[in-house]
Amino acid sequence: MPGLATVLIGDDPASRVYVRSKSRACAAAGIASFEFTKPPDARLSDILSLVEALNRDERVDGILVQLPLPSGLDTRCVIAALDPGKDVDGFHPVNIGRLWGGETSLVPCTPQGCMILLRHVLPDIAGATAVVVGRSHIVGRPLAALLVAADCTVTLVHSKTRDPAAICRHADILIAAIGRPQAIGDGWIKPGAIVIDVGINRVAEPDGTAHLVGDVDFGAASRIAAAVTPVPGGVGPMTIACLLRNTVLAACRRRGLPEPLAPIQ
């Protein structure tokens, strides 16, 4: 049975929800789940010792260190300590390098999910103009690498981009990952474009309640785009599915077994 270890450091409420969701998904898929928690004031040396123990643990095929880490902890140092073959988030420098080099790697989960959704509605994306709004190491940059590998013409829009709306209006494929609620309206979207919304933003209501919205104005986008993902219920579930996918792939590779899943392209 494949095994996934999750490491949660601190008491961030959103991170706790994500870890619980991943544990439930593992149980439903028949994947063993091992959960480890550390207090927010945990020492870096203790975290690195735990990671090293999980690297050696034969029960564990995948290791996920839940991000963000508490302030004061060196995220790059923790990620670099992972065995690249167990790095099911795909954030280790070796996996990032392999991704950009077109080699076999464990691909970050959210970009994987975006590509699967995209291929579902547009199987042939070669030659398409794709714009990714956001250049984070978690989503924007690895997603750009996947789109380049799929023969798209790719532009990364970011905080220093001049007239980002004008650039986005030329996109056949528009992917938003900036963490700003409903920042992208119909004036940013080409008629007939495919829009994928990665953003998850909690917006407070006057009565004290809150609801989740994406980076895209869903109502406005729905009137002009050929397809648009909702928030919640769009990219989020795909991210968890791709985490399980990476765990199965890591288990097969560690055991020298044939891989049952086609590569993401």
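1. R255 is partly exposed, with a relative accessibility of 41%, on the scale where buried means under 20% relative accessible area, exposed over 50%, and partly exposed in between (1.4 Å probe, protein chains only). The side chain of R255 meets that of D61 in a salt bridge, 2.5 Å from N to O. R255 belongs to helix 9 and D61 to the loop between helix 2 and strand 3, so this pair ties together parts 194 residues apart in sequence. D61 itself is buried, at 0% relative accessibility.

2. Before going further, please keep in mind that this is a predicted model, in which local features need pLDDT of at least 70, side-chain atom pairs count only at pLDDT 80 or more, and totals for chains, interfaces and linings use all residues. Residues are numbered from 1 along each chain as its sequence is written, and side-chain values use heavy atoms, with hydrogens and water left out.

3. Which other residues join R255 and D61 in a network of salt bridges? The network also includes E58 and R254. A salt bridge here is a side-chain nitrogen of Lys or Arg within 4 Å of a carboxyl oxygen of Asp or Glu. E58 pairs with R254, their closest N and O atoms being 3.0 Å apart. This pair links distant parts of the chain, 196 residues apart: E58 sits in the loop between helix 2 and strand 3 (62–65), and R254 in helix 9 (residues 235–255). Helices (H or I, at least four residues) and strands (E, at least two) are DSSP runs, numbered from the N terminus. E58 counts as exposed at 58%, while R254 is partly exposed at 31%.

4. The count comes to eight salt bridges by this rule. Another one of them is R56 with E52, at 3.5 Å from N to O. Both residues lie in helix 2 (residues 44–56), four residues apart, or about one turn of the helix. R56 is exposed at 56%, and E52 is partly exposed at 36%.

5. Now for the backbone, where most residues other than glycine have a negative phi, and most peptide bonds are trans. The peptide bond from L67 to P68 is cis, with omega near 5 degrees, and P68 is in the loop between strand 3 and helix 3 (75–80). V231 and P232 are also joined by a cis peptide bond, with omega about -5 degrees; P232 is in the loop between strand 10 (227–228) and helix 9.

6. Two residues deserve a look for phi. D151 is not a glycine, yet has a positive phi of about 70 degrees; D151 lies in the loop between helix 6 and strand 5 (153–157) and is exposed, at 52%. D163 has a positive phi near 50 degrees. Its place is the loop between strand 5 and helix 7 (164–168), and D163 is partly exposed at 49%.
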